[in-house]
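Here is a short briefing on one structure. It covers nonpolar packing first, then a sheet and its helices.

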Amino acid sequence: MKLSLFIVFALIGSIVYLLSLVLVLRRREHNPQAARVLAIYLGLSGLFLLLQAGAEQGWLDFLASEILKQIPAYGVFVLAVMFLLLTQAILRAQKFGWAWLGVGAACLAGLIVMDAGVIALPATFRIGGWSVDASILKLGLHIAVWAVFMVFATLLTVRILRRTSRFYTAVSYWSLVLLSTVLGAGLIFAGNLLIGNILCLTGTLLAAYVIAMPRLPSIGHLMRRGFSFLVYALLAIVLYTICLVAAQIILRNRSDLSPAVAGLAMAAFLVFIFNPILGRVQTNVNEWLGATYKDPTQMLRQYSQSITNILDLQLLATVAVGTASEFLEVQRGLLFLVEHEKEGDGKGFFQLRGVRGMGEINPEPSVLSDDSPLVAFFRYEYRPLTRAELEYQPRFREIAPAERTWLDNLGMEVLVPVYAKNDWIGLLALGPRASGAEYSEQDLALLSTIADQTAVALENTRLVEGLVRLNNDFRRAYTALDQANRHLERLDRTKSDFISIASHELRTPLTLISGSSQMLLDDPSLNDNSYYRQLLSKIYNGTVRLHEIVDSMLDMAKIDTRALELETQPISLDELIRAVFVELKQASTDRKQTVEIKDLEELPNIAADMEALRKVFHHLIINAVKYTPDGGKITISGHLVEPNLTDLPRGGIEVVVSDTGIGIDPRYHELIFAKFYQTGELALHSTGKTKFKGGGPGLGLAIARGIVEAHHGRIWVESPGYDEVNCPGSQFHVVLPLRQTEGIQAERAAAFQNQAS
């Protein structure tokens, strides 16, 4: 009977080993090395189970009887060698001892040689005063060699337990695998093949479960639930049995009762009385075992309400970690603010800035590169990461040393990412639980929910911090801008003062030099000498040019200080512009330029300062001459401007000075009207007054704008761009009112007096 039962078990067990092998190979991504070793272990276990069944049935009688008897021992020994390798793989020992395969093969060969009788051994051995049968000695040798490998596996497991800072779930499971395997092997050596192989199968299946599952539930949690269920089941059996016995006694004594009615009454009694009692008993058992169930719904509702208006990162971290601690009994925790940034070369990285929520640990900031395995997990997995996964999953082996050191210093058990619109914005890091229990799937799901609710508050906190930083940046920028403005005002005031002082101080010596040079030119003795006459002529021309520059500086100083006084009178722009052109005609003739003045004869007179406007058009025309190549054309035209309610209540005149010159870049259309502004490089400018691109003090257009605006007019330039090859040209527009504001007011006053009289 035992034989047939063992054969059935062997067949079923072999199928189970095969299915487990397939499962392990399909789930090998969690720990590929351990999965490969376990696949070999499962295959050998199934093979030796079939060999044991074959030996029992007489299918292997062709083998020597001694070897046939030792097939179970050979199987246990080979599996012990593989178990040691499997222990090293699943517990991730620092060195994977493939050399043990060679040692195991040598020991197996020695045992087979000994059992086959290749080496003649006496039937009995005398050790001291004791006589030991050879078969017993051989069995002891088998057990001793097997024990060596199992002892090493046990020591390795104990060393891993001592090395770790906490009791890892995988290691605790492996302790059960080791215990089951040792007990099963001991029973097989004792001759109880059925029970021994059942224990070995149990241990192997548990090993496959450890490797195949990415996250293992706590053994303590399972034991508590199992014990609670056992107590509940036993109590239910007892109560239901009492009810059934009582029902039979009542029906036997009361034959008038209908069985259907009695059954209905019993069912109602069980539902309304016994089931609540059983539920209460199970609750008391769970409380006694420390497995009290907590409903997270109320906690999540309160947490959601408490973080609604939190805008401080420190307070948010305290509330988040405090909520997790209250429900899961967490000892310490941190909250990290995650921000994605880029370096100068465009390579991205994540900056983690932590805030302490609970515990004595101070959060250290960290930088994670875009290609870090941690970043890949948090950006695309959307689930918590446990410490066990960090240690056991192969994809985290390539973590940079700095990142590994940061994780070790944190000492956290679970890292929960926080997402907002699918972007990773935060990280909730929690330490071990006070009870020492592992985080279950339900715990991790709860933490993910807490992280989801934290996302909105964390995003608001980030926005507030960003606004605060932006406000501070604005304040600093405003302060710097205010200081720069004051500095520029001082510089501008200093420049204006310098212009005013320099121009006044230069007028006296220039007047002396000019007068002296004229007197020398009038001297006949010097005038008859061509050499002296040439020198004196250059001195005189230089003083005239200096007089023009000083006059321009004085005009600029008056404009800056708003001391420019205008003597308005009716003037004809046509006559004024033609008079200016006469002064500059020689320059345009020397440059072979064509100047056309049109549409000015029919324009009415305007009320303006003739000398001031002469300077305006002098600067505009001389600029056109300088920046128009030889042979170019300059056109001066004008037309009436209709009245408007803004700046020309009585209408005005617009004069346009256009040329076919090199043009002006649109970026500089306003800058050219600034004081001392020079287009192009100063070193490339010629020094002639009317030469092509000739240089100057850079005051002409600034004076022109100041005078035009003093007449309540406007001046601007239009040009498609700067091009010395194609010469797109420029057009300077000057708009002047027909009457000045004072004249208009005087006319209105006179009209009012006439009406009154």
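The points below describe a predicted model.

**Nonpolar cores**
- The largest nonpolar core holds 50 residues. Within that core, L38 and F83 have the most contacts.
- Six helices are named as suppliers of at least two residues each: α1 (2–26), α2 (32–57), α4 (71–90), α6 (134–163), α7 (169–190) and α8 (193–212).
- Helix α4 gives the largest share of this core, 14 residues.
- L38 is in contact with V24, L86, A207, A208 and I211, leaving aside neighbours within four places in sequence.
- In soluble globular proteins, nonpolar side chains tend to be buried together.

**The sheet**
- An open sheet is formed by 5 strands, with mixed pairing. The strand order is β10-β12-β13-β15-β14.
- β10 (594–598) and β14 (714–718) are the edge strands. Each has a single partner strand, so one side of each has no neighbour in the sheet.
- From one strand to the next, the twist averages 15°.
- β14 pairs with β15 (residues 731–737) in the antiparallel sense, over 5 bridges.
- E718 has Q731 of β15 as its bridge partner.

**Helices on the sheet**
- Helix α19 (residues 573–590) lies across β10, β12 (633–641) and β13 (652–659). It runs at about 175° to β10.
- Helix α20 (residues 610–626) also packs on the sheet, touching β12, β13, β14 and β15. The direction of α20 makes about 25° with that of β13.

Key. Residues numbered from 1 in each chain as written. Predicted model: local features only at pLDDT ≥ 70, side-chain atom pairs only at ≥ 80, totals over all residues. Heavy atoms only, no water. Core = buried A, V, L, I, M, F, W, Y, C linked by side-chain atoms within 4.5 Å. Buried < 20%, exposed > 50% of the residue type's maximum accessible area, 1.4 Å probe, protein only. Helix = DSSP H or I, 4+ residues; strand = E, 2+ residues; numbered from the N terminus. Contact = heavy atoms within 4.5 Å. Pairing = 2+ DSSP bridges. Axes fitted to C-alpha atoms, helices over the stretch in contact; angles between N-to-C directions.
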